[in-house]
Amino acid sequence: MTHYPFSPTHPLWLLGCGNMAGAMLARWLETGLDPAAVTVIDPSRTEAPAGVRLLAAPPQGEAPPAALLLGVKPQIFAAASAGLSIKGSAIISIMAGVDGASLAARLPDASAIVRLMPNLPAALGKGVALLHASKGDAKAMADALATPLGLALWVESEALIDAGTAVSGSGPAFVYRFIDAMAAGAEKLGFTADQAQALALATVEGAAALASASPESPAILADRVASPKGTTRAGLDVLDEDAAIYTLIHRTLKAAADRAGALAEEARNG
Ligand SMILES: NC(=O)C1=CN([C@@H]2O[C@H](COP(=O)(O)OP(=O)(O)OC[C@H]3O[C@@H](n4cnc5c(N)ncnc54)[C@H](O)[C@@H]3O)[C@@H](O)[C@H]2O)C=CC1
Ligand SMILES: O=C(O)[C@@H]1CCC=N1
């Protein structure tokens with residue numbers, strides 16, 4: 001169980017609680033966060049986890065929360081945060097792109113601002129949380145929120161949050177695409193759709209688990225699978241032709257990271 005620095009009199013508010021903030025909240029509650037310490041502000045939710053207060057709009061006339069998690073889309077951040085009273089609160093933003101300077105300009109009364117870039121496997125405690133301190137000191141609070149999500153990693157350079165948004169924030173989608181492509185290939189080789197998906201998923205899960213447990217790098221492990229003149233080498237020769245897979249993944253990550261920069265601009269104009 002994690003010790004969370006929140007209570008009904010020292011609360012955590014979530015502004016926007018959809019896919020990502022919802023996954024984080026589920027994990028926090030599962031690991032000991034007191035639901036009575038949490039308020040979800042989200043106009044399209046009809047229910048919240050047991051014991052969590054649900055509001056359609058920011059409460060008026062209440063003391064500011066200890067921390068406010070920004071879980072809305074970057075494009076609606078400006079509209080959604082208007083009228084929020086957060087004097088002295090710590091802000092934890094999971095929004096892609098929106099930089100610390102924009103957050104500070106929009107929420108000047110915040111005592112501290114942390115950018116936290118999570119990913120969806122956080123729901124299982126197998127996610128990644130990249131963190132960057134933009135203003136003030138909310139390290140202990142942010143650590144308490146990040147650690148139960150999986151790997152928590154602070155970065156000095158804010159640019160690495162955009163880079164990490166591409167690698168670990170968006171990354172699960174790229175891995176899912178690989179699994180889907182492997183399953184589609186397996187179907188073409190004769191497996192049923194169900195068999196193909198099960199094979200692809202179990203292979204990726206097992207390969208990742210072994211890579212985690214092994215002192216060897218993934219590059220070495222690939223060579224371990226490949227017997228000289230065997231089946232794996234024949235397949236790797238296709239993936240490696242003109243560094244095809246490296247080039248494709250680099251272009252994929254670059255496009256995602258560049259989009260984070262563009263989102264920042266859209267949020268500023270939103
Ligand atoms: N989905 C993912 O895997 C990841 C998402 N993020 C970031 O998380 C944020 C949310 O993304 P998702 O959860 O995927 O989107 P989502 O659309 O599932 O969640 C956004 C939530 O904001 C709510 N909302 C809309 N207007 C609001 C308002 N005026 N006040 C309060 N709440 C309002 C919506 O009802 C919705 O529940 C984005 O900024 C995104 O960049 C970051 C990392 C990973
Ligand atoms: O696609 C997006 O913009 C968000 C940020 C990282 C994952 N989902």
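## Basis of the model

The model is predicted: local features need pLDDT of at least 70, side-chain atom pairs count only at pLDDT 80 or more, and totals for chains, interfaces and linings use all residues. Residues are numbered from 1 along each chain as its sequence is written, while chains are lettered from A and ligands numbered from 1 in the order in which they are written.

## Overall architecture

The chain holds 10 helices and 8 strands; these are DSSP runs numbered from the N terminus, with helices (H or I) of at least four residues and strands (E) of at least two. Along the principal axes, the C-alpha atoms occupy a box of roughly 70 × 35 × 35 Å.

Of the 270 residues, 34% are buried. A residue is buried if 20 or more other C-beta atoms, placed from the backbone, lie within 10 Å of its own, exposed if 12 or fewer, and partly exposed in between. Among contacts with a separation of 6 or more, 60% join residues 24 or more positions apart, a contact being two C-beta atoms, placed from the backbone, within 7 Å.

## Domains

An automatic or database domain assignment divides the chain into domain 1 (12-159) and domain 2 (171-261). The centres of domain 1 and domain 2, taken over C-alpha atoms, are 33 Å apart. Contact between the two involves 5 residues of domain 1 and 4 residues of domain 2. On the side of domain 1 that touches domain 2, there are 3 nonpolar residues, 2 polar and no charged. Here Ala, Val, Leu, Ile, Met, Phe, Trp, Tyr, Cys and Pro count as nonpolar, Asp, Glu, Lys and Arg as charged, and the others, Gly among them, as polar.

Residues 14-97 are 20% helix and 20% strand, with end C-alpha atoms 19 Å apart. Residues 158-261 are 83% helix and 0% strand, and their end C-alpha atoms lie 12 Å apart.

## The nonpolar core

A nonpolar core is a set of buried Ala, Val, Leu, Ile, Met, Phe, Trp, Tyr and Cys residues joined through C-beta atoms within 7 Å. The largest one has 62 residues, of which L14, L69 and I91 touch the most other members. Helix α1 (residues 19-30) gives this core its largest share, 6 residues. The core lies between domain 1 (12-159) and domain 2 (171-261), because both give residues to it.

I91 belongs to strand β5 (residues 90-93). I91 is buried because 29 other C-beta atoms lie within 10 Å. Leaving aside residues up to four places away in sequence, I91 touches L68, L70, I86, L103, L107, A110 and I113. Between I91 and L68, 23 residues apart in sequence, the C-alpha distance is 5.0 Å. With the same exclusion, L14 touches A21, L25, V38, V40, I41, L69 and G71.

## Ligand surroundings

A residue is near a ligand if its C-beta atom, placed from the backbone, lies within 6 Å of it. Around ligand 1 there are 25 residues, of which G16, G18, S44, A80 and A96 come nearest. By class, this shell has 16 nonpolar, 7 polar and 2 charged residues, and its largest share, 3 residues, comes from α1.

Ligand 2 is surrounded by A96, T165, G169 and S170. The shell of ligand 2 has 1 nonpolar residue, 3 polar and no charged.
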